[in-house]
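Hi there,

Here is the structure I promised to pass on to you. Have a look at it first, and my notes on what turned up follow below.

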Amino acid sequence: MIEKILLKGFYTLISLFVITNYGLLLMGSMARITARVQGRIGQPVWQPYIDIVKNNAKRWSISHGVMFYLGPVFRLAGGLGTYLFIPGILGSVVFANFSFSGDVILVLYFIFFGQLGMALGAGQSGHPYSPVGVSRGLAQMTAFEVPFTLAVIALASQYGTLSITEIAMAQQGGILNWSAFTNPLATIAGLFAFVGMSMHNPFSVVIAPQEIPIGPPTEYQSSMLGMLQTNRAIFNGAKLVLFVNLFYGGANNIFELVIKTFILYFINVFVGVSFPRFRIEQAIRFFLFVPTIIGLAAVLIQYI
Amino acid sequence: MDKTTDDLTTREDLDRQLKMPNAGLSKEDQPLFCDAAPQTVAPYRGIWENFLNWARANSLWILGFGTGCGAIELRPLMTARFDMYRFGVQARPTPRQSCVFVIGGYASTKTIKRVVRSYEQMQGPKFVLGLGSCTINGGMYWDSYNTINRLDHYIPVDQYIAGCMPRPEALLAGIKELKKQILAGDTENTNKYIENLDWYKANQKKIITEWDMPDYNW
């Protein structure tokens, strides 16, 4: 029994290590691709690693109270929670994580959990820009959760299950079995939500670097900022793995996972460099209109 | 009784401010800010500190605060022609997360107040680039009544970049020199500032007559 638990813990660590590094490399490479679009050379691919080391190597650090410390912890818990309940690679013992029946509901909750914890922490910093960023972030998040949840409901009723593993398993046996082809409306609604979730342009006003410095984490520095950056990599990876499992037939080996997630993440970059930013009310109006209608249609079609 | 500007410039008032932390703040505001002096933190030794210095040198986050006319030179530095990102240099809009403060040219008595506050809010090790002649000796404003002449009397400066204005190439050269300095471990100015805090504070308070901000912005 104890060996089994230890082995599971060891596998979880491997899985986390892989997704963290993959997330960081993905961020670095996408920053470089964006730079190429803008006619620049761009930062090195390994720049996110150096930034994290540098931030953790700061010798001084200030605090604004207990909740301020707990903000990044909650955020990291949200990222870890999201990833750990998604099966990374189908049929793999190492990357199976803690997937169980009904986990898609838990994952939906975990996506929100980190943001709420961060909102509490950032609120205690007392900086006026933090609440501005928090309110923008939570408003946009509530808006993109609507089409995403509708897409998930459509998939759940299509496959008759709330388990991510079973949803992914049901799509095996060829490219035409993917939800992207069997349920294109849910996929489109989910993709719109995905672009919003990644907070790239045109939905990047939450961290609006020009108007409100960096948004919620304005006051976060040193190792707390390092923790937030690490979480960003994990959370990015987790979202990609979730979308591959839900809409693109899951992944049977790590190469398949890398190819599918890379192409999926590329959508962000493609949209991001093509469009300017939305204001927050425009973003909310956008999410609650076209993607929500598509999501509703996807759900209704399942019941007709 | 309300204070006037004249009252604040008296010798007694200056002495009082130098002795009592946060004396410039109102009674209501005083408990809201830190009243303890910051502490120095010694660097590690050997390979570990060299590794950390390598990371610091390759991830320079510039505080996005245009302090003078030199701030204009920072914009072309970011765009396609010079592209500072390839050197690991990024702009960061909040002092808490930045490590390089580029003082872009002249610092007036009004600006120096914000400069000091922003500099103190940055988490160390932090570095300062003095851009342009004005930071060295006042430049073309050397006899102006409202411009400071030597920046390093108020905050420690790691590198000066001469010129009026220095082109982005000069700024890039300055950043490269700063990198060399960081790699050599010759950038303990955060500790130097804390050790000589009284001297720096006295200098700052001589210039900033209306000292209505906390003494320790750490």
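Let me start with the interface: 37 residues of chain B and 31 residues of chain A take part in the contact, where contact means heavy atoms within 4.5 Å. Before going further, please note that this is a predicted model, in which local features need pLDDT of at least 70 and side-chain atom pairs count only at pLDDT 80 or more, while totals for chains, interfaces and linings use all residues. Residues are numbered from 1 along each chain as its sequence is written, chains are lettered from A and ligands numbered from 1 in the order in which they are written, and side-chain values use heavy atoms, with hydrogens and water left out.

Between them, chain B and chain A bury about 2700 Å², with 58% of it on carbon and sulfur atoms (buried area is the accessible area, with a 1.4 Å probe, that two parts lose on being put together, summed over both). On the chain B side, B:Arg96, B:Gln97 and B:Gln123 supply 21% of the area that this chain buries against chain A, more than any other three residues. The rule finds 4 salt bridges across the interface, a salt bridge being a side-chain nitrogen of Lys or Arg within 4 Å of a carboxyl oxygen of Asp or Glu. B:Glu49 forms a salt bridge with A:Arg59, and their closest N and O atoms are 3.0 Å apart.

Now for the helix packing in chain A. Helices (H or I, at least four residues) and strands (E, at least two) are DSSP runs, numbered from the N terminus. Axes are lines fitted to C-alpha atoms, for helices over the stretch in contact, and angles run from 0 to 180 degrees between N-to-C directions.

Helix α5 (residues 129-159) of chain A packs with helix α8 (residues 184-197) of chain A at an angle of about 150°, their axes being 8 Å apart. The two, α5(A) and α8(A), are therefore roughly antiparallel to each other (angles under 35 degrees count as roughly parallel, over 145 as roughly antiparallel, 65 to 115 as roughly perpendicular and the rest as oblique). The contact involves residues including A:Phe144, A:Phe148 and A:Leu155 of α5(A) and A:Ala189, A:Gly190 and A:Met197 of α8(A). Its residues divide into 10 nonpolar, 3 polar and no charged, where Ala, Val, Leu, Ile, Met, Phe, Trp, Tyr, Cys and Pro count as nonpolar, Asp, Glu, Lys and Arg as charged, and the others, Gly among them, as polar.

In chain A, helix α1 (residues 2-37) and helix α10 (residues 254-274) have axes that come within 10 Å and cross at roughly 40°. So α1(A) and α10(A) are oblique to each other. Among the residues making this contact are A:Tyr22, A:Met30 and A:Val37 of α1(A) and A:Ile254, A:Phe262 and A:Val273 of α10(A). The division here is 14 nonpolar, 3 polar and no charged.

Over in chain B, helix α3 (residues 47-57) and helix α7 (residues 168-183) pack at an angle of about 165°, with axes 8 Å apart. That makes α3(B) roughly antiparallel to α7(B). B:Asn53, B:Trp54, B:Arg56 and B:Ala57 of α3(B) meet B:Lys179, B:Ile182 and B:Leu183 of α7(B), and these residues divide into 4 nonpolar, 1 polar and 2 charged.

Finally, some backbone details for you to check by eye:

- B:Gly124 and B:Pro125 are joined by a cis peptide bond, with omega about -5°; B:Pro125 sits in the loop between α5 (109-121) and β4 (127-131) of chain B.
- B:Cys164 and B:Met165 are joined by a cis peptide bond, with omega about -15°; B:Met165 sits in the loop between β5 (159-161) and α7 of chain B.
- A:Met199 has a positive phi of about 55° although it is not a glycine, and A:Met199 lies in the loop between α8 and α9 (222-247) of chain A.

Best wishes
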